[in-house]
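The structure comes first, and the notes follow by topic.

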Amino acid sequence: MTMPLNQTLLARASAKLGPQVSIAIGLVVLAILVAMPLLHLLPADHALHVSAYSLTLVGKILCYAIVALALDLVWGYAGMLSLGHGLFFALGGYAMGMYLMRQSAGDGLPAFMSFLAWNELPWYWYGTSSFLWAMCLVVLAPGLLALVFGFFAFRSRIKGVYFSIMTQALTFAGMLLFFRNETGFGGNNGFTGFTRILGFDITAQSTRAALFFATVVLLVGSLYLGFRLARSKFGRVLTALRDAENRLMFCGYDPRGYKLFIWVLSAVLCGLAGALYVPQVGIINPSEMAPTQSIEAAVWVALGGRGTLIGPLLGAGLVNGMKSWFTVAFPEYWLFALGALFIVVTLFLPKGVIGLLKKEKDQ
């Protein structure tokens, strides 16, 4: 039965309006994010002034959103659930933290090394007084680890729950290693007490605004890269890999190269997010490598809607916004709330918030 002409035109108009509304909402959010560091530069008594606390909180959530997007690339598109992305995030943070500690110490040793009676820098600290070398470490540390781990894991065709367990074991091992004082990474306390970055006061309004703006740029760039990959032939191969790997291999594709590339890219994005997280929050310690951190990242992606790119950003914002409120109002109940949220999403929102919005729009 054919639809009336007016209903056909209405359906076409609604289909065209959907992407336009989404783009409009995205542009509004982007405008707000760009305006926030500018409003932070206003005098503290100005009505539109954005406080340092608010700017830091939103900047931290944006860094987590980049991690969620990176995890979505490997889980939502390639079908590999990683429970170890917190390790890559922390490695990028530690690489930046080494540079910041050297900036604070000047020509001497970092404060924690002097406290532990170290006489000289370990060899792996050499060159960390250079910002360019620190940025190389931000990319190389998580990237090389992901490359080595992924090469052997994908070569052995490890996948499914076994892959998830191995990634969680990897981040747990990293946490235990960094907890030790003799490794030269500050032990349980990690790195803190940062004072300068690139010669600028790290607590100055202009520095905070610049770091926040850099985080927005990285988020937008990561999102653009994700969209380009998802709509390319590479992205279609990834989704085929997720849905029917054996059929893909029967068609002549070798999935190992595709998996390894997206796995390393995802790790590097996490490292860059960690590098921007540390100077804004002012601390990095092994707790960022805790398995619960990586599991929480999976909750962000699942809540927002995996395989959508926008969904994980929404999930990271919602969960971390709730966490900020819960840990102040009811700190002892946050983990229970997080567990309940994960159960609700699993049972009633298998496609996440984005899936629910699409369902409502279709109706």
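Leu 41 is partly exposed because its relative accessible area is 42%, where buried means under 20%, exposed over 50% and partly exposed in between (1.4 Å probe, protein chains only). Leu 41 sits in the loop between α1 and α2 (52-77); helices (H or I, at least four residues) and strands (E, at least two) are DSSP runs, numbered from the N terminus. The model is predicted: local features need pLDDT of at least 70, side-chain atom pairs count only at pLDDT 80 or more, and totals for chains, interfaces and linings use all residues. Residues are numbered from 1 along each chain as its sequence is written, and side-chain values use heavy atoms, with hydrogens and water left out.

**Nonpolar patch**
- Leu 41 belongs to a nonpolar surface patch of about 770 Å², together with Ile 23, Leu 27, Leu 30, Val 34, Leu 38, Phe 213, Val 217 and Val 220.
- Two or more residues of the nonpolar patch come from each of α1 (5-40) and α7 (205-230), and α1 gives the most, with five.
- Patches consist of residues with over 30% relative accessible area and no salt bridge, with like charges joined within 9 Å and nonpolar side chains (Val, Leu, Ile, Met, Phe, Trp, Tyr) within 5 Å.
- A salt bridge is a side-chain nitrogen of Lys or Arg within 4 Å of a carboxyl oxygen of Asp or Glu.

**Whole chain**
- The chain has 14 helices and four strands.
- Of its 363 residues, 45% are buried.
- The accessible surface is about 18,800 Å², and carbon and sulfur atoms hold 69% of this; areas come from the Shrake-Rupley method with a 1.4 Å probe, and for residues only the protein chains shown count as cover.

**Lys 323**
- Lys 323 lies in helix α12 and is partly exposed, with a relative accessible area of 22%.
- Not counting residues up to four places away in sequence, Lys 323 touches Gln 293, Glu 296 and Trp 334, contact being heavy atoms within 4.5 Å.
- The side chains of Lys 323 and Glu 296 make a polar contact (3.4 Å).
- A polar contact is a pair of N or O atoms within 3.5 Å; within protein, one must be able to donate a hydrogen and the other to accept it, and residues adjacent in sequence count only if both atoms are side-chain atoms.

**Thr 308**
- Thr 308 is in the loop between α11 (291-304) and α12 (310-329).
- The Thr 308 side chain reaches the backbone oxygen of Gly 305 at 2.5 Å.
- Leaving aside neighbours within four places in sequence, Thr 308 contacts Asp 72, Tyr 77 and Ile 354.
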